[in-house]
Amino acid sequence: NATRLLNKTVIVTGASSGIGAATAVLFAKGGANVILLARRADALAKVKEQCVQAHQASGLKEGGQFATVSLDVSDKTQIASLWDKIPAELRNVDILVNNAGFVFGTEHVGDIKEDDIEAMFKTNVFGLIGLTQLLVKEFKQKNAGHVINLGSIAGREPYAGGSIYTATKHAVNAFTGSLLRELVSTPIRVTEIQPGMVETEFSIVRFRGDESAAKKVYQGMQPLVAEDIAEEIVWAASRPPHVNIAESLIFPVNQA
Ligand code: NDP
């Protein structure tokens with residue numbers, strides 16, 4: 001029921017592209033207020049404009065407040081400044097979508113650069129944990145809230161050349177499962193969305209900007225698009241308050 005999103009305030013991390021951008025726009029369309037967070041301020045501004053348009057087209061009177069927060073989730077000092085960067089009228093947050101994340105490189109263990117290992121853990125794991133800690137404190141005080149974490153099929157199945165990325169997503173899975181159990185006696189909800197292959201900037205980042213290498217990943221198959229995952233996230237967020245979508249694994253039909 002879409003009315004459950006009306007006037008809710010949502011933080012979407014990684015909102016400057018792909019799944020995060022599509023999620024921000026879909027929440028906007030549903031009458032929510034959205035705080036769009038990522039590093040690239042220019043890209044965030046464009047997605048914010050799409051949110052404004054989606055909200056206007058919906059004809060809804062509720063929601064429609066949007067803010068961009070340029071923040072690097074891999075930097076704990078920047079995470080600590082989160083509340084200062086959010087306009088006062090949007091600080092009563094209802095939903096956190098921890099979506100920012102990436103994989104860099106396909107090297108096997110032994111060849112992976114230490115900086116890449118650290119960057120993946122700092123973003124995919126420490127950033128997600130840091131933001132969750134900040135929001136769970138608030139959610140406990142008001143006895144309401146929803147944490148939605150982006151895991152991956154890589155959080156269930158390791159693969160050669162993905163040791164660090166799969167380790168980060170296994171960590172997301174373990175962390176999210178523990179959080180769910182810690183909050184089980186409260187109305188606060190915890191969801192993990194685990195996509196298979198989604199065509200976004202993700203593969204371009206993985207191949208360090210080589211777009212043709214990125215395209216080859218999807219040869220012979222029809223990958224998911226960002227909107228497929230956004231719909232799942234917004235669906236989980238709009239279930240009745242007594243329903244918690246704990247995990248959702250979503251594949252393209254032709255991915256095994
Ligand atoms: P994109 O590369 O399109 O988007 C990644 C987003 O994360 C961007 O908005 C980027 O913004 C942001 N981001 C990356 N690093 C940081 C950082 N340090 N601080 C803040 N924001 C950051 O990829 P997707 O949309 O595909 O990925 C979204 C999530 O989905 C990720 O967690 C990914 O692991 C997961 N996923 C993706 C799959 C796929 O096949 N695409 C499959 C399974 C899971 P900016 O550069 O502006 O900071």
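## Ligand shell

The largest share of the shell around the ligand comes from α1, which supplies three residues; helices here are DSSP runs (H or I) of at least four residues and strands are runs (E) of at least two, numbered from the N terminus. This is a predicted model, in which local features need pLDDT of at least 70 and side-chain atom pairs count only at pLDDT 80 or more, whereas totals for chains, interfaces and linings use all residues. Residues are numbered from 1 along each chain as its sequence is written.

Around the ligand lie 29 residues, of which Gly14, Gly18, Arg39, Arg40 and Gly101 are the closest; a residue is near a molecule if its C-beta atom, placed from the backbone, lies within 6 Å of it. At least two residues of this shell are supplied by each of α1 (18–29) and α7 (202–206). Divided by class, the shell holds 13 nonpolar, twelve polar and four charged residues, where Ala, Val, Leu, Ile, Met, Phe, Trp, Tyr, Cys and Pro count as nonpolar, Asp, Glu, Lys and Arg as charged, and the others, Gly among them, as polar.

## The sheet

An open sheet is formed by seven strands in the order β3-β2-β1-β4-β5-β6-β9, with parallel pairing; two strands pair if DSSP finds at least two bridges between them. Because β3 (66–70) and β9 (247–250) stand at the edges with a single partner strand each, one side of each is left without a neighbour in the sheet. From one strand to the next, the twist averages 15°.

Helix α6 (residues 163–182) lies across β5 (146–150) and β6, running at about 155° to β6; axes are lines fitted to C-alpha atoms, for helices over the stretch in contact, and angles run from 0 to 180 degrees between N-to-C directions.

## Packing of α1

The axes of α1 and helix α2 (residues 41–58) come within 7 Å and cross at roughly 30°, which makes α1 roughly parallel to α2; angles under 35 degrees count as roughly parallel, over 145 as roughly antiparallel, 65 to 115 as roughly perpendicular and the rest as oblique. The crossing of α1 and α2 is right-handed, a crossing being right-handed if the near helix is turned clockwise from the far one by less than a right angle, and left-handed if anticlockwise. In this contact (C-beta atoms, placed from the backbone, within 7 Å), Ala21, Ala24, Val25, Ala28 and Lys29 of α1 meet Val47, Gln50, Cys51, Ala54, His55 and Ser58 of α2.

With helix α9 (residues 226–237), α1 packs at an angle of about 50°, the axes being 8 Å apart, so that α1 is oblique to α9. The crossing of α1 and α9 is also right-handed, and the residues in contact include Gly18, Ile19 and Ala22 of α1 and Ile229, Ala230 and Ile233 of α9. By class, the contact of α1 with α9 has ten nonpolar, two polar and two charged residues.

## Packing of α5 and α6

Helix α5 (residues 114–142) and α6 pack at about 15° with their axes 9 Å apart, and α5 is therefore roughly parallel to α6. The crossing in which α5 passes α6 is right-handed. Among the residues that meet are Phe121, Leu128 and Thr132 in α5 and Tyr165, Lys169 and Phe175 in α6; the contact of α5 with α6 divides into twelve nonpolar, three polar and one charged residues.

Notes
Two residues are in contact if their C-beta atoms, placed from the backbone, lie within 7 Å.
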